[in-house]
Structures are given as C-alpha cells and as structure tokens.
Amino acid sequence: PRSRWLYIFFLVSGLAALALGPLAGGLFILLSLIGQQVAEPLSVTTIGVSVAALGLVFGSALAWTGYQGLHERPSHPFRPGRGWLWGCLVGLGLILLFGQIVISFDLLPPVTFPLFHVLAIALPAIVILVLVGRGVGDGVPASTQRQVVGQMALGAFVATAISFTVEAVAVVTEIFIVGTVLALAPGGLAQLNELQALLSDPARLQDLQALAHWLLKPWILLPVILLLVVIAPLVEELAKSIGVPLYALGTGRKPSLAQGWLWGIAVGVGFAITEGLFNGAANIPFWAGIALLRVGTTGMHVITAGLTGVGWARTLASRRLGSFLGSYLASVTLHSLWNGLTVLIIVSSLWVMVKPEDPISMTGGGVGVVVGLVGLLLLTLSLIH
C-alpha cells in the first residue's frame, strides 16, 4: 500500500509538470517579450525553452514511473551500454560546436539556440550517470530503470524547489539585514539609493567596472560569501539527500550501498541539470566556455549527492544516523570548497579589473586566480578518484 501511494504521487506530479512546464515556459516568453521587461530576446527564449523542456522530460519520466509502478509492471535493471557513453560524448562535442556557431554568426539564435543549451547542460550529467550505472549495474539487488528515472525527476523538481525556496528566503533576509544596518549608518542611506539606481538601470548593469566596484564592498561581498560558501552547501546537500529515504519510506525496502550510491547520483543529475539550465542562460555570449566550466560543477553536485545516498543506505541498514551525518558533512565540505574557490577566482578577477594600474592589486589578483584554478583542478581530480 505504501508503494502504491508513492506511485500515485509520482503519476500526479508528473502529469502536472508535463502540463505546466510548457505552459509556464511559453507564458514567460510571451509576457517578457510583449512587456519588454528584458532587452535580450535570446535569454528570454532560452529560459522559456528550458522551463518547457524540464516539464516535458522530467514530467514524462515521473508520470511513466508512477504509471508503470501502479500497474505493477516489471522494470529492467539499469545497465546502460557502451553506446550511450560514446553517443553522449560525441553529441556533446557537436552541440557545443554548432551552438557556439549559432551565437557567433547570429543564425537566428532566439529560435535555433535554446535546444543546444538544454542538451549541452544535460549531456555531461547523463555521461556521469552512465559511467556510474555501468560500474554498479551488476550489483545485487540491481537498481532498475524506473528507480533511476524517478530519482532524477525528484532531483530536478523537489530538491531544486526546496533549495531555491530556502536560498531565496536567505537572500531576502540578508538584504533586509544589510539594508537596515546601512540605513542606520552615517551615509549609508545615500549608498543604498545609489545601489538601487544601479540595479534599476539595465544598461548600467553591463558596466563591469561599476559592478565590480559594488560587489567588492564588504557589506555586499560578505553576505554573498556567506550565502555561497555556507548556506547554499548546507541547504542543497540536505535537499539532494531526500531521494533514498523517500523511496525506502514509500516502498518499505532498504537499499544496498550500490543502490544508495546510484540513486544519490541520479538525484544529483536531476538537480545539476535544472540548476545548470538557469545559471548557464546568464552568460550566453560566452556560452560554450561556460558550458564546459559547468561540467565541473555538475560533477560536484552529482558526486556529493552520491555520497549522501550511500550515507542514507548505511543509516537505513544500521539504524544509526551517524552514517548519514558523516556523509552529509563530507558532501557539504566538498561543496563549500568548490564554491569558495570559485568565489576566490571571481573576486580576484574583479579586484584586478577595479585597480589595473596598481601592481600590488594585479599581483594579488593574479595569485588569487591561480590558487583558485589549481584548487578547483585538484578538487576535480579528487572527485574523479
């Protein structure tokens, strides 16, 4: 009976996403272009198509999972063949090439580009899932296609919804606290008015010097670091860990370590795809390079989710919460290091941009960029290992 309610939840949620995703994406494009809320149609269509694609793909996956489960139809083991791996790798290379050509040569990108964006973000995550699936596919009991697809959909919808909601509340809280402190400080109200004028003028937001000047102010930089290095890892790793215990609670079955690892990976894949689709749409002129850089972030999200999946499998088997807490803290630490090194690279680059004539600033900024890049490389190698 418990698994039946779980499959009903999957079916209803999948049908809702299947209907609402394309509707929300289409309305976003229509209302944005008609209302002229943004100056760049390419960003609007890319985000709209991304929303529609998420609803169509993962909504169909959830609905299929629920329907098959309700009718008690057997699901095949998840053992992807070698062709999936090479197909995704070759396809990713071609998509990055032709997608950047569409942008660089202005080949009607608002219409032709968005699908390239969706595939370029999704394929690296699928490659990692295929690699892990091939590695643990012969485990007993084997993970099924239905389980993996369902976990991906949970990561794409539920984990991201939880994370984005909590992080939005954190952002609003930080803005309120910083605004209150500045309003009470001498001269702070004038700075707030100046910042509001900057944010309300889209043309001025294109001035990197002005943005760098404001972002490097301590009362802006410190809350950003707190959000990215502390709050986001704590929230996102907890949200990404829901798949394994939810399935165990819904079916009454305890997953093996291999199943916990693969299910966690699948949740991370769904989460990374959703996050990447929206974050990548903000840097379209340098899209191919940004998409390649997102591969590392995708790997981080996927591996850390796999760690918490293993932690839950051990906790469910031993009934000791310490196993999950240890995996969760390891995932949060890796996530925080990744975000911290990324922030170091960005801040160092902005510091050089603001003070290009100062040799000390140039040297310090350059060292910061090198340290951040080397750190990300070492962290990536450790995740692969």
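Predicted model: local features only at pLDDT ≥ 70, side-chain atom pairs only at ≥ 80, totals over all residues.

**Salt bridges and their surroundings**

Tutor: Arg-294 forms a salt bridge with Glu-275 (a side-chain nitrogen of Lys or Arg within 4 Å of a carboxyl oxygen of Asp or Glu). Their closest N and O atoms are 3.1 Å apart. The pair links distant parts of the chain, 19 residues apart: Arg-294 lies in helix α13 (residues 287–318) and Glu-275 in helix α12. Helices here are DSSP runs of H or I, at least four residues, numbered from the N terminus.

Residues are numbered from 1 along each chain as its sequence is written, and side-chain values use heavy atoms, without hydrogens or water.

The count comes to two salt bridges. Lys-240 pairs with Glu-237, with the closest N and O atoms 3.0 Å apart. Both residues lie in helix α10 (residues 218–240). They are three residues apart, about one turn of the helix. Lys-240 counts as buried because its relative accessibility is 1%. Glu-237 is also buried, because its relative accessible area is 0%.

For contrast, take helix α1 (residues 2–35), which holds Ile-34. Ile-34 is exposed (over 50%), because its relative accessible area is 62%.

Conventions. Helix = DSSP H or I, 4+ residues; strand = E, 2+ residues; numbered from the N terminus. Buried < 20%, exposed > 50% of the residue type's maximum accessible area, 1.4 Å probe, protein only.
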